[in-house]
Structure formats: C-alpha cells, structure tokens
Amino acid sequence: WLRIGDISAESFIKWRSETNLAVKTLNHYLSEAVTLVNWLVKTETTMVNPLAQVAKLSTKGRETRLRRAFSDIELLELLKASPDYRYIAYLTAARTGLRQGELAKLKWGDIVFDSQTPHILARASTTKNSKNSMVPLTKELEQELLKYRPDDWKPSHPVFPKGVPRARTLQIDLKKAGIPYQDDMGRYADFHSLRVTWGTYLQRNGINSRTAMDLMRHSDRKLTDIIYTDSNLLQTGEVIRNLPDDKILTEILTEISGKLGQNGSKSVKNGSVKKSERTA
C-alpha cells in the first residue's frame, strides 16, 4: 500500500494468502493495520475502515513455525557469506537474543562499553514486554561492535543504519553459505532462529536455566528450556560419556562377570549350546 486509497480487504487477504508467515504473526499484522485505519477514521482522514470485517485466521490445529538453532559451523558460514552490515546484525542477534524489531531501533547510545560489564540497554520502548533490560555483551561481540562503530558516531545514531536483514535477504545469505532454510525435520532457519541459537548457546555452555531465562528475558522458564533450546545441538552423548565411573557398580559387575566366566555356557559336539549353569 502506497496510498490510503490502496488499503482494501481484498488486497490484504491476497497478500496474506501468498506469504509464508506464521498464523500468529499474520493475525498480529491484521490487528495493527486495523488499529491504524481506525485512527485514520477517527481523524477523518478516511471515511471507513475496509479491514474491519476481515476475520483473523484460526490457530486451532496449526502449530507455530518450528525453528532450529544454527550450529557453530553454520553461524560461522553465515557470517562469512554476509557483507559487513549484515554480518554484525546476525552476530548481535546470535549473541544477545535481541529480536529483529529491537535491533532495528538500537542506537549507539544504548551500548555501554565503558563498564565493568559491557552491555546493551534494551529500552522499554523497543522491547516486547515494555521493560528496560540490560543485555550483557560477550567479549567476542564487544570487540566486533567496537570495530564496526564508525569514527563519527553519535549516541543518537542507529547501530544498523542500513536496516536489519529481512526474511528474503537472510534467505539469500543462507543460500550463499550453503545452509538450508528448512531442514529435513521441517524446521526453519529464519531470523528468529538466531534468538534460538542464543538460548541454545547458553544451555550448551552450562548456564543454569534460571540465569538463561533472565538473559533471554523470559517470564517462564519453560520457554527457555523447551521452545528456545534446540536439543539436537546439546552434547548429550558427550555428557553421558564424561560421567564419572561408579566404582561400586563396577566392582559388582566385575564380580558377576567373573562368576559367569567360570560357570558360563558349554558347547556340545553337535554345535548346540546348553543353558548356562549359574551359581545361586
């Protein structure tokens, strides 16, 4: 829509049917568009709201889009395949969990480097829960942001003046990096997957779930542990193999094994095997 006169129920429904956005997101867009046009009616800029009768899509039986985290190698390949201004946006998202809209409104004055704990101040006016949040910076991200910051920066200047990559741009960079947008399990690697990457990164590095919940700025630990942790990237096999030996169990098993060795199966001439004769 370029002009108010372009707004129509038909055009919205057509656009909605052609996009691959999640149902929840589409309903959110509809609500925001209706609110905007209601305001236009109230200010007598237009006479009627053509979107007022457009129904929301039913979410019953329709799952939220399944997302996955980027592996370390995939994230590295994505960063290598992207130009500088997109590289830094992807890295910031993957190492802070900031959402796309929060990144788009981020200003250099929001990033505090001169502190014992360098951090980003996510302003209430930009966050989903409308609360101020302090997002600590990893050493890696701190260094990259300092290198990226222009010499003539001002606190009011946006960190990403060229904008944050949209879905189509990300898909171009993914293709260049050789990363599938949708994997064999039907899970997507979209921009919000970088937030899942951050949640998974925290879990993989031994951050307890209560702390991870705060760093993800969640109000429910289940979101952090289930929705925003890609269990496929957790080192469950390595964890099990690194468990300490159970000495008592080992001694018992050794004793049992020794007894079985003494009273085990015996072969007979025709090749058949008798039942093991075990001591009581």
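**Before selecting anything**

The model is predicted: local features need pLDDT of at least 70, side-chain atom pairs count only at pLDDT 80 or more, and totals for chains, interfaces and linings use all residues. Residues are numbered from 1 along each chain as its sequence is written, and side-chain values use heavy atoms, with hydrogens and water left out.

**The whole chain**

Display the chain as a cartoon. Its secondary structure consists of twelve helices and three strands; helices (H or I, at least four residues) and strands (E, at least two) are DSSP runs, numbered from the N terminus. The chain has 280 residues, and 34% of them are buried. Buried means under 20% relative accessible area, exposed means over 50%, and partly exposed lies in between (1.4 Å probe, protein chains only). The accessible surface of the chain is about 18600 Å², of which carbon and sulfur atoms hold 53%; such areas come from the Shrake-Rupley method with a 1.4 Å probe, and for residues only the protein chains shown count as cover.

**The largest core**

Select F70, I111, L145, F160, L174, F191 and L194. These residues have the most contacts inside the largest nonpolar core, which has 35 residues. A nonpolar core is a set of buried Ala, Val, Leu, Ile, Met, Phe, Trp, Tyr and Cys residues joined through side-chain atoms within 4.5 Å. Two or more core residues come from each of helix 3 (72-81), helix 4 (84-96), strand 2 (119-122), helix 6 (139-148) and helix 7 (167-177). Helix 4 gives the largest share, six residues. In soluble globular proteins, nonpolar side chains tend to be buried together.

Another core, of nine residues, lies apart from this one and includes I7, F12, L30 and A33.

**Helix 6 and L145**

Next, select residues 139-148. In helix 6 the buried residues are L141, E142, E144 and L145, and they pack against helix 4 and strand 1 (111-112). Now select L145 alone. Leaving out residues up to four places away in sequence, L145 touches I88, T92, W108, I111, F113, L137 and V159; contact means heavy atoms within 4.5 Å.

**Helix 8**

Select residues 193-204. Helix 8 has twelve residues and reaches 16 Å from its first C-alpha to its last, close to the 16 Å expected at 1.5 Å a residue. The expected span is 1.5 Å times one less than the number of residues in the helix. Helix 8 is mostly covered, with nine of its twelve residues buried. Helix 3, helix 4, helix 9 and helix 10 are among the elements covering those buried residues. Just after helix 8, G206 has a positive phi of about 80 degrees.

**Helix 9 and the residue after it**

Move on to residues 209-216. An α-helix has 3.6 residues a turn, so residues three or four places apart point the same way.

At the N-terminal end, N208 caps helix 9, with a side-chain oxygen 3.1 Å from the backbone nitrogen of R210.

Now return to R217, in the loop between helix 9 and helix 10. R217 has its positive phi although it is not a glycine. Most residues other than glycine have a negative phi, and most peptide bonds are trans. At 13% relative accessibility, R217 counts as buried.

**E44**

Is E44 buried or exposed? At 69% relative accessibility, E44 counts as exposed. E44 is in the loop between helix 2 (23-42) and helix 3, and has a positive phi of about 60 degrees although it is not a glycine.

**D230**

Finally, select D230, in the loop between helix 10 and helix 11 (236-241). D230 counts as buried, at 5% relative accessibility. Its side chain makes a polar contact with the side chain of R187 (3.2 Å). A polar contact is a pair of N or O atoms within 3.5 Å; within protein, one must be able to donate a hydrogen and the other to accept it, and residues adjacent in sequence count only if both atoms are side-chain atoms.
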